[in-house]
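Here are my notes for someone opening this one for the first time. Have a look at the picture, then read on.

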Amino acid sequence: MFRKRIDSKGQGSAELILIIGGLIVIVLLIASYISNITEKTQTNIQNLLKTERDFLINKI
């Protein structure tokens with residue numbers, strides 16, 4: 001006869017926590033990818049500078 005009301009306040013906060021958690025995971029993955037690219041670029045530039053330095057030293 002009487003229906004019980006379902007409290008959906010807890011469900012709303014759980015969904016919000018899942019959304020924020022998902023966004024944090026996405027941000028961490030993107031940061032890891034950018035860090036990896038930066039590290040590779042730095043290594044390539046160091047190797048290039050070393051090669052050019054050795055070339056100039058041998059030319060002299």
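**Notes on the model**

1. The chain exposes about 6,300 Å², and 66% of that comes from carbon and sulfur atoms. Areas here are Shrake-Rupley values with a 1.4 Å probe, and for residues only the protein chains shown count as cover. Bear in mind that this is a predicted model, where local features need pLDDT of at least 70, side-chain atom pairs count only at pLDDT 80 or more, and totals for chains, interfaces and linings use all residues. Residues are numbered from 1 along each chain as its sequence is written, and side-chain values use heavy atoms, leaving out hydrogens and water.

2. Buried residues make up 0% of the 60 in the chain (buried is under 20% relative accessible area, exposed over 50%, partly exposed in between).

3. The chain has 1 helix and 0 strands (DSSP runs of H or I, at least four residues, or of E, at least two). Helix α1 covers residues 9-59, with I37 in it.

4. Residues 12-34 carry the annotation "transmembrane region" in an unreviewed UniProt entry; such annotations may be inferred rather than shown by experiment. That span is 100% helix, and its end C-alpha atoms lie 33 Å apart.

5. Where do the side chains of R53 and D54 meet? In a salt bridge, at 3.5 Å from N to O (a side-chain nitrogen of Lys or Arg within 4 Å of a carboxyl oxygen of Asp or Glu). A search of the whole structure finds 1 salt bridge. R53 is partly exposed at 47% relative accessible area, and D54 is partly exposed at 31%.

Technical notes:
Buried means under 20% relative accessible area, exposed over 50%, partly exposed in between (1.4 Å probe, protein chains only).
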